[in-house]
Amino acid sequence: MKSDKTILISQATLPQKSIESSKYYIFSLIFLANCLYYILVAYPQALENYLLATPYSFTTFQYSIFYAINSLPNIALPLFVGIHADKNGNNALIIMILLLCCVIGTIITTIGAYQYSFVIMMIGRMLMGLG
């Protein structure tokens, strides 16, 4: 008789060394992402002189809105995502969609910066706030 050697995925185990090294790699990426977020997104002083000067010529009000609009989606989004996560569990699809919003928002903001368009930059910043 032929023996069945199939292993269920739930029964498969990874070597402990592989798990430990990937854990530190993931923690390092999360740390780097948080540092870059605070430098590039949450720290308004970094771009102030550049955006208030020519060719952008932002007014002080536009500059303030430029950073405030990033937080606007965070007023209601955590409530809806939290309710969804409580009902359906942490879905990887939602995480990927929010990450994609952040990446697309960054690209749109960059395009707006190259075109010197305040409105396009605002749309990009709002999408970045969704992520």
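At 11% relative accessibility, Thr109 counts as buried, where buried means under 20% relative accessible area, exposed over 50% and partly exposed in between, computed with a 1.4 Å probe on protein chains only. Thr109 belongs to helix H5 of a chain with six helices and zero strands; helices (H or I, at least four residues) and strands (E, at least two) are DSSP runs numbered from the N terminus. The model is a predicted one, in which local features need pLDDT of at least 70 and side-chain atom pairs count only at pLDDT 80 or more, while totals for chains, interfaces and linings use all residues. Residues are numbered from 1 along each chain as its sequence is written, and side-chain values use heavy atoms, with hydrogens and water left out.

**The chain as a whole**

- Along the sequence, the pattern reads α-α-α-α-α-α.
- Of the 131 residues in the chain, 16% are buried.
- Among contacts (heavy atoms within 4.5 Å) with a separation of 6 or more, 53% are between residues 24 or more positions apart.

**Helix H5 and the residue after it**

- Helix H5 spans residues 92–114 and has 23 residues.
- From its first C-alpha to its last, H5 reaches 33 Å, close to the 33 Å expected at 1.5 Å a residue; the expected span is 1.5 Å times one less than the number of residues in the helix.
- The buried residues in H5 are Cys101, Gly105, Thr109 and Gly112.
- Their cover includes helix H3 (60–68) and helix H6 (118–130).
- Apart from neighbours within four places in sequence, Thr109 has contacts with Phe66, Met121, Gly124, Arg125 and Met128.
- Tyr116 lies in the loop between H5 and H6 and has a positive phi of about 55 degrees although it is not a glycine.
- For background, most residues other than glycine have a negative phi.

- Tyr63, Phe66 and Tyr67 are buried in H3.
- These residues cover an arc of only 85 degrees around the axis, so they sit on the same side of H3; the arc is that of the directions from the helix axis to the C-beta atoms.
- Leu72 is in the loop between H3 and helix H4 (77–88).
- With 45% relative accessibility, Leu72 counts as partly exposed.
- Leu72 and Met126 are 54 residues apart in sequence, and their C-alpha atoms are 7.2 Å apart in space.

**Helix H6**

- H6 has 13 residues and reaches 19 Å from its first C-alpha to its last, close to the 18 Å expected at 1.5 Å a residue.
- In H6, the buried residues are Met121, Met122, Gly124, Arg125, Met128 and Gly129.
- They are placed on the same side of H6 because they cover an arc of only 165 degrees around the axis.
- Leu127, also in H6, counts as partly exposed at 22% relative accessibility.
- Beyond four places away in sequence, Leu127 touches Cys101, Cys102, Ile104, Gly105 and Ile108.
- Phe118 is in H6 and counts as partly exposed at 22% relative accessibility.
- Not counting residues up to four places away in sequence, Phe118 touches Phe58 and Gln62.
- Phe118 and Phe66 are 52 residues apart in sequence and 8.5 Å apart in space, C-alpha to C-alpha.

**Packing of H3 and H6**

- The axes of H3 and H6 come within 9 Å and cross at roughly 25 degrees; axes are lines fitted to C-alpha atoms, for helices over the stretch in contact, and angles run from 0 to 180 degrees between N-to-C directions.
- That crossing makes H3 roughly parallel to H6, since angles under 35 degrees count as roughly parallel, over 145 as roughly antiparallel, 65 to 115 as roughly perpendicular and the rest as oblique.
- Gln62, Ile65, Phe66 and Tyr67 of H3 make the contact with Phe118, Met121, Met122 and Arg125 of H6.

**The largest nonpolar core**

- The largest nonpolar core has nine residues: Leu51, Tyr56, Phe58, Tyr63, Phe66, Tyr67, Ile69, Met121 and Met122.
- H3 and H6 each supply at least two residues of this core, and the largest share, three residues, comes from H3.
- A nonpolar core is a set of buried Ala, Val, Leu, Ile, Met, Phe, Trp, Tyr and Cys residues joined through side-chain atoms within 4.5 Å.
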